[in-house]
Amino acid sequence: MTAATSAEQPTTTTTTLPLDTFTSIEKGLIHDHTDDDDALLHEFEDIDSSPVTVTELRAWYFFGFACDPLSFSFAFFIPLICQGMSAGAGFEAANHSVPCNTTASGYDCVVKLGDTYIGTSSFYFYGTVTATIVQLMMLIGIGSIADHGAWRKKFLMGFSTAGAIVALMYPIATSYDKFLFTSVITVLLGILLGGTWVFVHSYLPPLARNHPLFKEALAAPDASKESLHKKLDVITNEISSKAFVSMYTGALFILVVMAGLGIGFPIPAGFPSTYPLQIGVAVAGLLWLVGVAVVYKYLKERPGPPVPGNESIVFFSVKKVFSAFRKARQLRNLFTFLLGWFMFSDAFTTVTSVAVLWAQSQLGFTTVNVLILSAEVYSLAFVGAYLWNKAQRYFGLQTKTILLMQVTLFSIVPLWGCFALIPGSTVGYKHKIEIYIFGGVIGLLLGATQSTCRSMFSQLLPPGFESEFFSLYQITDKGASWVGPLVVGIIFDTAPRKEYAFLFVLAQFVAGFFFFTFVNLAEGSEEGKKFGAMQRALDAAKH
C-alpha cells in the first residue's frame with residue numbers, strides 16, 4: 001500500500017499476461033481437486049472469491065490517482081496555506097501592535113486566539129496534533145467494521161465524498177481573518193483523508209488473493225503452500241507498486257496545477273496571497289469526487305463475514321482492535337513489523353520535513369527552490385516505485401530483503417547531515433546541491449518503500465480482518481507522526497547544533513531496521529491464518 005523464511009529463497013519471477021489471457025483465466029480453470037487441494041483452496045478463500053477483473057483493478061488504481069493529490073497537498077501546500085493565513089492575520093512577535101510583515105525574510109509572528117498569542121508556525125502544528133488524536137480515535141472506532149458485511153466500500157465512499165466536499169471549501173477563505181476557518185477545515189480534511197486510506201489499503205489483500213494469476217496458481221496440480229505464498233508475494237508487490245505509480249502520477253498532476261496557478265492566477269485585491277494554492281486544493285477535491293464515482297461504478301464490495309448478531313456495532317470495532325493488541329503473542333511477527341514501522345514511518349516523514357526546513361532556513365531556499373525540490377522528489381518517487389519492483393523481480397529478491405535495502409539507503413540521508421558535526425567538515429548539507437542530490441535519493445525511495453511496507457504487512461494479515469489490522473497500521477503511523485517533528489523542533493530550539501536533529505532521525509532508521517530483521521514472513525503468514533480461523537470459529541460459536 002510476501003513470504004520470507006530464515007533462509008531466504010528467491011522469488012519466482014512472473015510474466016505479465018496479455019489482456020486476452022487475463023480474461024480467459026477469469027472464466028475459470030478446470031482441474032480435479034483432491035481433499036488436500038480443497039483444504040489448500042480454503043486457506044485463500046474469501047466470501048466473494050470471484051476473480052478480480054482488469055476493470056476493477058484499474059478502478060482501484062484510478063482512485064489512488066484521484067485521492068493522492070490531496071495527500072501531496074497536505075505535505076507541501078496546505079501547511080503553507082495555514083501558516084500564510086495565520087501570519088496574514090497576525091502580529092510581530094516583538095510588538096503585538098504591529099501587523100506581521102510576511103514579506104520579510106525569516107519573519108517571526110504570532111496570531112491572537114482569544115486572549116492568547118500563538119506562533120504562526122506552531123499554530124499549524126497544534127492543528128496537526130488535534131487531527132492526529134482524532135484520527136487515532138476514529139481508526140480504533142471504525143477500522144474493523146469494514147471487515148464485516150458490505151461496509152468496506154461504503155466507508156471508502158463516505159469518507160471520500162465528505163473529504164472532497166471539505167477540500168472544495170478552501171476558496172471560501174477570501175480574507176486573512178478567516179484563518180481559523182481554514183485551520184478547522186484542515187483538521188477535518190486530515191481526519192477524513194486518514195480514514196479514507198484505511199479502506200483503500202484494506203482492498204489490497206482481497207484483490208491479490210482473487211487475482212486471476214493467483215487463481216491460476218491455485219488450480220495448478222503441483223500447487224503447494226510454499227509456492228502459493230511466493231506467488232502471492234509477487235502479485236501483491238506488483239499490484240501495490242502499480243498503485244503507488246498511479247498515486248504519484250496524481251501527485252505530479254496537482255503539482256503542475258499548483259505551479260500553473262501560482263504563476264498565472266491573478267490574485268484579486270484583498271485576497272490572501274495563498275489563494276492560488278487554495279484553488280489548487282479545491283481542484284484536488286474535484287478530482288477526488290471523480291474517483292468516488294469510478295469506485296461506485298467499477299469497484300466490487302468484496303465483503304467480509306457478517307457482524308455477530310449479539311454485538312453492538314458501536315463498540316464492535318473498538319473491541320476488535322483492542323483484541324488485536326491483546327493477541328500480540330499469536331501475531332508476533334505482525335507486531336514486530338509494527339514496531340519497525342512505528343520507527344521507520346516517522347523517520348522517513350521527519351527526514352523529508354527536516355530537509356525542506358533545513359533548505360529554507362539554513363541554505364536560503366526560495367519558494368521556487370522548494371517547488372523544484374518537491375517536483376524532483378515526487379517525479380523520482382514515480383520512477384522509484386517502478387524500478388524497485390522491476391529490480392525485485394529481475395534479481396528474485398524477497399520483499400523483506402528489498403525493505404532492508406531501502407531502509408539502509410534511507411539512513412544515508414540523515415547520516416550525511418551528521419558529517420557537518422565533524423570539525424572542519426565542508427559537507428553535511430552546507431550547499432544547495434547536497435539538498436538536491438539527497439532529495440533525489442528520498443524520491444527514489446519514498447514511494448517504493450511505502451509500497452514495500454504495505455505489501456509486507458498485507459502478507460501478515462489474518463484473512464477477513466484486513467481493515468482491522470490496517471487500522472493498526474495507520475494507528476502506528478499516526479501514533480508516531482508527531483514524535484519526530486516535535487523532537488526535531490526541540491533540538492532546533494535548544495541544542496547547541498541543529499545538526500543533532502540528523503542524529504535523532506538516523507537513530508530512528510537504525511531502530512526500524514533492527515525490528516524488521518526479526519520479521520519472518522512465512523511464519524507470520526501462518527500466524528495470521530490461524531488467528532483468522534480462530535476468530536471466525538469464536539464468532540460462529542456465539543451464534
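How many of the 23 residues of helix α7 are buried?

Analyst: The model is a predicted one, and all that follows should be read with that in mind. Of the 23 residues of helix α7, 19 are buried, so the helix is mostly covered; here a residue counts as buried when its relative accessible area is under 20%. Helix α7 spans residues 179–201. From its first C-alpha to its last it reaches 33 Å, which is close to the 33 Å expected at 1.5 Å a residue.

The whole chain provides the setting for this helix. The chain has 543 residues, and 54% of them count as buried. Its secondary structure consists of 20 helices and four strands.

The next topic is the nonpolar interior. In soluble globular proteins, nonpolar side chains tend to be buried together. In this model the largest nonpolar core holds 131 residues, and the members that touch the most others are Trp 60, Phe 337 and Phe 344. Helix α10, residues 225–264, gives the most to this core, with 15 residues. Phe 337 shows what such packing involves. Once its neighbours within four places in sequence are left aside, its contacts include Leu 403, Cys 453, Met 456 and Phe 457. Leu 460, Tyr 473, Phe 516 and Val 519 are also among the contacts of Phe 337.

Helix α10 deserves attention for its charged residues as well. Within it, Lys 242 and Glu 238 lie four residues apart, about one turn of the helix. Their side chains meet in a salt bridge, with 3.2 Å from N to O. Taken together, Glu 238, Lys 242 and Arg 393 are linked in a network of salt bridges.

The structure as a whole contains six salt bridges. Another one of them joins Arg 497 to Glu 499, with the closest N and O atoms 3.2 Å apart. Here Arg 497 is partly exposed, with a relative accessible area of 31%, while Glu 499 counts as buried at 11%.

The strands may now be considered. Strands of a sheet pair through backbone hydrogen bonds, either parallel or antiparallel. The four strands of this model form an open sheet in the order β2-β1-β3-β4, and the pairing is antiparallel. Strands β2 (95–99) and β4 stand at the edges, each with a single partner strand, so one side of each has no neighbour in the sheet.

The pairing can be followed strand by strand. Strand β1 (residues 91–92) and strand β3 (residues 109–113) pair over two bridges. In this pairing, Phe 91 stands opposite Val 110, and Glu 92 has Cys 109 as its bridge partner in β3. On to strand β4, residues 116–119: four bridges join this strand to β3. Val 110 has a bridge partner here too, namely Gly 119 in β4. Strands β3 and β4 form a hairpin with two residues between them, and Gly 114 in the turn has a positive phi of about 70°.

Two residues other than glycine also have a positive phi. For Arg 302 the value is about 50°, and this residue is found in the loop between α11 (275–298) and α12 (313–326). Arg 302 is buried, with a relative accessible area of 2%. For Tyr 429 the value is near 60°; the residue is placed in the loop between α15 (399–418) and α16 (432–458). Tyr 429 likewise counts as buried, at 4% relative accessibility.

To return to the request, helix α7 has 19 of its 23 residues buried, in a chain of which 54% of the residues count as buried.

Note on methods. Residues numbered from 1 in each chain as written. Predicted model: local features only at pLDDT ≥ 70, side-chain atom pairs only at ≥ 80, totals over all residues. Heavy atoms only, no water. Pairing = 2+ DSSP bridges. Core = buried A, V, L, I, M, F, W, Y, C linked by side-chain atoms within 4.5 Å. Buried < 20%, exposed > 50% of the residue type's maximum accessible area, 1.4 Å probe, protein only. Contact = heavy atoms within 4.5 Å. Expected span 1.5 Å × (residues − 1). Salt bridge = Lys/Arg side-chain N within 4 Å of Asp/Glu carboxyl O.
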